[in-house]
Amino acid sequence: MNPLLPAGPQAQSIASLFAFFLGVLSAIWVVVVTVLLIYLARSRRTVGTSEAPEVASSAIPDRPGHVLRPTDPVRERRFARSVTFFAALTLAVLLVFLVASVLVGHRVATFNQQPARVVKVTAHQWWWQLEYEDSEASRIVITANELHLPVGQPVRLELESADVIHSFWVPALHGKRDLIPGWSSSTTVQADHPGVFWGQCAEFCGTEHAQMALEVIAQPPSDFEQWLASQRAPAHPPENDTQRRGQEVFVHGACSLCHAVRGTTAGGGVAPDLTHLKSRRHIASGTLVNEPKSLARWIEEPQRVKPGTHMPAVALSPDARNDLMAYLETLQ
Amino acid sequence: MRCALLLGVTVLLLAACKREERRFEAPPPTQPVDRVRMSPLRVGGSAPNDAGLSPPPGYDESAYAINEGQRLFGWFNCTGCHAHGGGAIGPALMDARWTYGSEPENVFDTIAQGRPNGMPSFGSKIPEQQIWQLVAYVRSLSGLTPADARPARDEHVSVTPPPTLRRTEEPTGQPPEAPPP
């Protein structure tokens with residue numbers, strides 16, 4: 001999560017603009033501070049030598065302490081000229097910055113309007129839903145908290161919010177973009193090299209705003225297509241009795257009221273789709289690493305892991321919890 | 001003197017913040033939700049006796065619990081039958097008539113165990129603390145919760161006054177009269 005290590009063309013433009021600003025302003029700073037130091041040193045020297053009072057100076061009659069120095073027209077003109085020159089130089093530098101900002105802003109905003117793929121990003125309190133659009137409805141893939149991108153292909157993100165204002169920010173790819181309820185905005189991003197980039201909600205959206213992370217995984221197009229095909233498949237059916245009982249717990253208990261697992265009757269649409277839960281690297285929007293131990297803790301005491309989250313603690317018997325865990329492990 | 005006054009006012013203000021109190025950690029379940037209880041069938045208007053179930057504190061007077069209930073009311077598709085409280089194929093929830101009682105424990109049992117003629121049982125689906133949040137919200141629709149802890153506004157177009165301006169209904173427990181033939 002470092003905007004100075006860009007991984008996409010827009011982030012590259014923004015980073016170059018930043019480097020340009022930083023370079024020019026550093027040079028100006030160095031010049032100003034050098035001149036300041038020189039004049040400080042010189043004035044200290046002149047105070048030390050206590051030069052003789054100027055001969056031509058005349059006292060002001062009604063102001064005894066003040067001395068009116070005579071104006072030297074040549075010196076005065078030189079002084080006025082240099083002030084004008086430096087004011088104009090400042091203005092010119094600011095203008096150059098303005099033009100550079102506008103140019104980069106334009107380049108970033110109009111980046112490739114012909115995307116290879118459309119992903120609908122819906123922000124919820126406090127997680128991200130990602131829907132990989134397809135012209136065939138049955139090929140649409142819904143996942144959560146992990147955005148996969150094919151390297152080198154522009155992808156348009158349709159940004160929406162389900163509740164309050166959020167902001168989509170993956171510094172390695174692009175600047176921030178707000179998601180406003182009732183309003184659809186879009187942005188196009190592209191990853192130039194494979195890697196894992198961290199994103200974060202950048203608009204305060206409630207108690208767990210800080211735990212609303214998004215992981216972006218950029219992979220070669222062939223890997224991406226393979227991943228998409230695996231996500232498109234329905235959930236693996238349970239293989240043994242423990243897993244079957246766990247599926248019963250999931251489908252007939254509280255889980256199915258909010259979560260969906262494709263291939264079963266669990267079709268809740270207000271919480272992350274869990275069809276391929278175990279294929280994700282993190283759970284609870286980047287809060288915990290996705291391993292059985294932390295998943296069990298998340299189910300047992302979600303309000304301790306992420307206080308305020310809409311995931312409730314569900315009372316389960318130890319047997320039912322074990323069965324449920326065994327079933328969740330099959331959701332590869 | 002001024003300092004003491006300021007301190008006093010601060011303490012009073014802090015004490016008045018109860019409506020905003022958020023209880024993220026659910027209290028341990030007090031009653032098993034799936035207990036079997038027979039609905040005492042009776043002729044006449046009195047509400048079923050749901051004694052033995054006591055509403056936990058911190059729901060009716062909490063704006064947070066009521067707003068959570070409002071959110072769940074939409075999420076769990078209560079609106080599918082009850083609309084936004086005005087009633088559709090399910091009964092209206094914002095009037096004074098409560099077929100199965102208006103006390104929190106009555107509404108809890110209605111949600112957890114279901115009622116005849118269409119109300120399904122959600123006891124095995126919704127965790128207890130969320131049922132109590134729904135209870136608080138449903139009761140706030142009729143003005144049965146304290147006036148300072150009602151949802152400020154609805155997210156949908158409404159022809160009824162906002163919950164904060166709604167007067168408290170006197171629950172009658174009477175089923176609605178049959179419409180004239």
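**Notebook: salt bridges and a surface patch**

I began with A:Asp323, which counts as buried because its relative accessibility is 10%, under the 20% cut-off. I keep in mind that this is a predicted model.

Next I looked for its partner. A:Asp323 forms a salt bridge with A:Arg245, and the closest N and O atoms are 3.0 Å apart. This pair links distant parts of the chain: A:Arg245 is in helix H4 of chain A and A:Asp323 in helix H7 of chain A, 78 residues apart. I noted A:Arg245 as partly exposed, at 43% relative accessibility.

I then checked A:Lys278 and A:Glu329, whose side chains meet in a salt bridge of 3.1 Å, N to O. A:Lys278 lies in the loop between H4 and strand E13 of chain A, while A:Glu329 belongs to helix H7, 51 residues apart. A:Lys278 is buried at 15%, whereas A:Glu329 is partly exposed at 26%.

How many salt bridges does the structure hold over all chains? I wrote down 13. I also saw a network of salt bridges linking A:Arg297, A:Glu301 and A:Arg304.

Last, I turned to the surface. A:Val31, A:Val35, A:Ile38 and A:Tyr39 form a nonpolar patch there, together showing about 380 Å² of accessible area. A:Tyr39 sits in helix H1 of chain A and counts as exposed because its relative accessibility is 51%, over the 50% cut-off.

Terms used. Residues are numbered from 1 along each chain as its sequence is written. Chains are lettered from A and ligands numbered from 1 in the order in which they are written. This is a predicted model: local features need pLDDT of at least 70, side-chain atom pairs count only at pLDDT 80 or more; totals for chains, interfaces and linings use all residues. Side-chain values use heavy atoms; hydrogens and water are left out. Patches are made of residues with over 30% relative accessible area and no salt bridge: like charges are joined within 9 Å, nonpolar side chains (Val, Leu, Ile, Met, Phe, Trp, Tyr) within 5 Å. Accessible areas come from the Shrake-Rupley method with a 1.4 Å probe; for residues, only the protein chains shown count as cover. A salt bridge is a side-chain nitrogen of Lys or Arg within 4 Å of a carboxyl oxygen of Asp or Glu. Helices (H or I, at least four residues) and strands (E, at least two) are DSSP runs, numbered from the N terminus. Buried means under 20% relative accessible area, exposed over 50%, partly exposed in between (1.4 Å probe, protein chains only).
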